[in-house]
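Visitor: I am new to protein models and would like to learn how to read one. Could you walk me through it?

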Amino acid sequence: MNVTLAVKQYISKMIESSGPGMKVLLMDKETTSIVSMVYTQSEILQKEVYLFERIDSQNRDNMKHLKAICFLRPTKENVENLIQELRRPKYSVYFIYFSNVISKSEVKALAEADEQEVVAEVQEFYGDFIAVNPHLFSLNLQGVARGRSWEPTVLPRVTQGLTSVLLSLKKCPMIRYQLSSDMAKRLAESVKQIITKEYELFDFRKTEVPPLLLILDRSDDAITPLLNQWTYQAMVHELLSLNNNRIDLSRVPGINKDLKEVVLSAENDEFYANNLYLNFGEIGTNIKNLMEDFQKKRPKGQQKLESITDMKAFVDNYPQFKKMSGTVSKHVTVVGELSRLVSERQLMEVSEVEQELACQNDHSNAQQNVRRLLQNPRVSELDVVRLVMLYALRYERHSSSILSSLMEELNRRGVSEKYRKMVQAMIDYGGKRVRGSDLITPTDAVAITKQFFKGLKGVENVYTQHQPLLHDTLDQLIKGRLKDSQFPYLGPSSLRDRPQDIIVFIIGGATYEEALTVYNLNRTMPGVRIVLGGTTIHNTKSFMEEVALAAGLGHGGASRPPTRR
């Protein structure tokens with residue numbers, strides 16, 4: 001179960017099916033992202049694809065010596081653009097691939113438009129999602145809810161995305177969903193409807209234990225997306241925002257013009273692939289080792305590399321070294337910027353209090369620490385708001401809750417009204433009244449002892465002691481202990497055996513911390529394969545935006561359509 005490989009195989013197959021000769025790849029905005037996540041332009045060039053065009057671009061030249069491979073989402077707009085294209089074809093022959101099921105009537109309309117008989121084939125290749133890591137996918141959709149219900153236009157798109165993942169992995173699953181979420185139930189029914197309607201597509205070879213699709217709702221765990229992260233991929237997304245594997249570094253002080261936008265892709269960056277899930281301390285050491293290896297290859301490499309600043313100076317001073325090691329200069333820049341932000345925003349101190357709020361049960365300590373950081377002018381607006389949100393989620397029902405005085409403190413600090421309103425929006429979104437699971441750790445003696453020992457495994461663990469709720473949910477599921485009363489099956493049948501192939505989907509977005517949990521479970525649980533997906537992959541900023549949109553606090557209120565990220 002590897003979503004990156006599934007999409008790669010579809011694209012290779014499309015290109016191979018068109019035979020030898022020069023080709024153009026004709027895509028739409030979304031399929032461009034889908035392809036760019038799994039292949040670099042140079043890799044596709046090696047397959048004789050010399051031109052990349054958008055179907056909606058008006059000023060394309062006639063190039064009759066090229067074959068066109070069209071990879072498009074089956075939207076009305078794309079079908080209309082394709083009809084116009086076929087009436088006045090710019091290329092010699094067309095191989096058309098839709099990323100999802102297309103209706104017979106639309107195929108007929110295309111056939112009627114193909115008067116010059118340039119279409120060689122029309123097929124469905126189910127790559128209708130963004131493959132982020134081999135076990136992680138996203139639909140790049142933000143703002144999926146209105147209150148506690150689906151934004152009407154979004155449910156069909158999410159259904160298409162999720163069914164295409166199932167088809168690409170060749171799975172016809174049993175479905176379980178989170179009972180406390182009406183959105184989870186609606187999506188489960190919507191996916192089931194497609195499986196029933198397109199039963200021939202889902203007629204895969206039966207496995208001994210059927211695969212399982214588990215549909216969850218982000219509102220059950222609003223704490224995970226609010227925490228600062230300390231593993232490489234998660235940290236980059238939290239502090240610099242990963243968008244389709246790209247990071248915008250243009251605001252970094254003194255940035256080299258070649259590094260204003262960098263691509264971080266585990267598919268073709270070995271250092272990134274090896275360090276994705278390592279913590280910040282280990283990455284610093286690994287970069288140092290990598291640079292020292294390169295230094296050894298140079299006769300004059302005598303100077304010592306003691307700090308990130310030394311490393312940056314070293315890279316800047318050797319143009320030929322830079323050429324040889326684009327990877328190194330990129331990662332030194334990224335890690336250097338992460339270091340700068342950590343110290344500028346005092347994130348180690350902030351993170352320690354976040355972890356305490358998420359994992360411990362000591363109200364008097366928590367309130368003192370949150371108050372102390374609220375009064376520290378070096379802590380950013382975003383960080384003070386997230387601390388108050390975490391406090392609110394953790395202690396909303398506590399008899400001596402100081403939430404109202406923390407809200408006054410935010411006001412005194414000059415925190416914007418939108419941010420202040422979002423604290424209540426967060427409680428409405430993921431507070432105790434809404435949650436179906438026990439998000440907050442029980443306070444019995446055994447749990448406290450466990451917490452205590454968790455905190456003794458070395459300093460670094462202070463920052464990474466939190467485990468997402470997803471960890472417990474999957475652990476229970478794999479052991480056959482996940483309660484049917486909280487996560488019922490859709491339909492009469494249920495799994496008797498321990499599940500082997502599990503696809504988990506989180507409405508409202510997944511996080512890289514949860515992806516790390518899935519990665520670790522895949523490594524440590526023999527015979528179990530898990531893939532995680534979400535409507536998007538959140539960091540704190542995008543999650544707060546998601547919650548604001550659901551509450552109607554978005555720029556256009558609740559009527560704002562979902563945005564693609």
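Visitor: Which backbone nitrogen lies 3.0 Å from a polar atom of the side chain of D269?

Guide: Before that, a word on the numbers: this is a predicted model, in which local features need pLDDT of at least 70, side-chain atom pairs count only at pLDDT 80 or more, and totals for chains, interfaces and linings use all residues. Residues are numbered from 1 along each chain as its sequence is written, and side-chain values use heavy atoms, with hydrogens and water left out. Now, a polar contact is a pair of N or O atoms within 3.5 Å; within protein, one must be able to donate a hydrogen and the other to accept it, and residues adjacent in sequence count only if both atoms are side-chain atoms. Here the nitrogen belongs to Y272.

Visitor: Where does D269 lie, and is D269 buried or exposed?

Guide: Helices (H or I, at least four residues) and strands (E, at least two) are DSSP runs, numbered from the N terminus. D269 lies in the loop between β14 (261-263) and α9 (270-275). Buried means under 20% relative accessible area, exposed over 50%, and partly exposed in between (1.4 Å probe, protein chains only). D269 counts as buried because its relative accessibility is 3%.

Visitor: Which residues is D269 in contact with, leaving aside neighbours within four places in sequence?

Guide: Contact means heavy atoms within 4.5 Å. For D269, the partners are L264, T327, K330 and H331.

Visitor: How many helices and strands are in the chain?

Guide: The chain has 23 helices and 19 strands. Of its 565 residues, 55% count as buried. Among contacts between residues at least 6 apart in sequence, 80% join residues at least 24 apart.

Visitor: How many residues of helix α23 are buried?

Guide: In α23 (residues 540-550), 10 of the 11 residues are buried, so the helix is mostly covered. Among the buried ones are F543, M544 and L549. Their cover includes α8 (232-240), α16 (381-395) and α18 (417-430). Just after α23, G552 takes a positive phi of about 80 degrees.

Visitor: How many cavities of 30 Å³ or more does a search of the whole structure find?

Guide: On a 1 Å grid over the protein atoms alone, a cavity is a set of points where a 1.4 Å probe fits but cannot get out, and lining residues have an atom within 4 Å of a point. Grid points are joined across faces, edges and corners, and a volume is the space filled by probe spheres set on the points. The search finds seven. The largest cavity holds about 140 Å³ of space. It is lined by 14 residues, and those closest to its centre are N140, L242, N244, Y512 and I537.

Visitor: What is the volume of the second largest cavity?

Guide: That volume is about 110 Å³. Of the 13 residues in this lining, the closest to the centre are L216, D217, D220, D221 and L469. The elements giving two or more residues to it are β12 (212-217) and α21 (469-478), and α21 gives the most, with three.

Notes: 1 Å grid on protein atoms, 1.4 Å probe; cavity = no way out; pocket = protein on both sides within 12 Å on 5 of 7 lines; lining within 4 Å.
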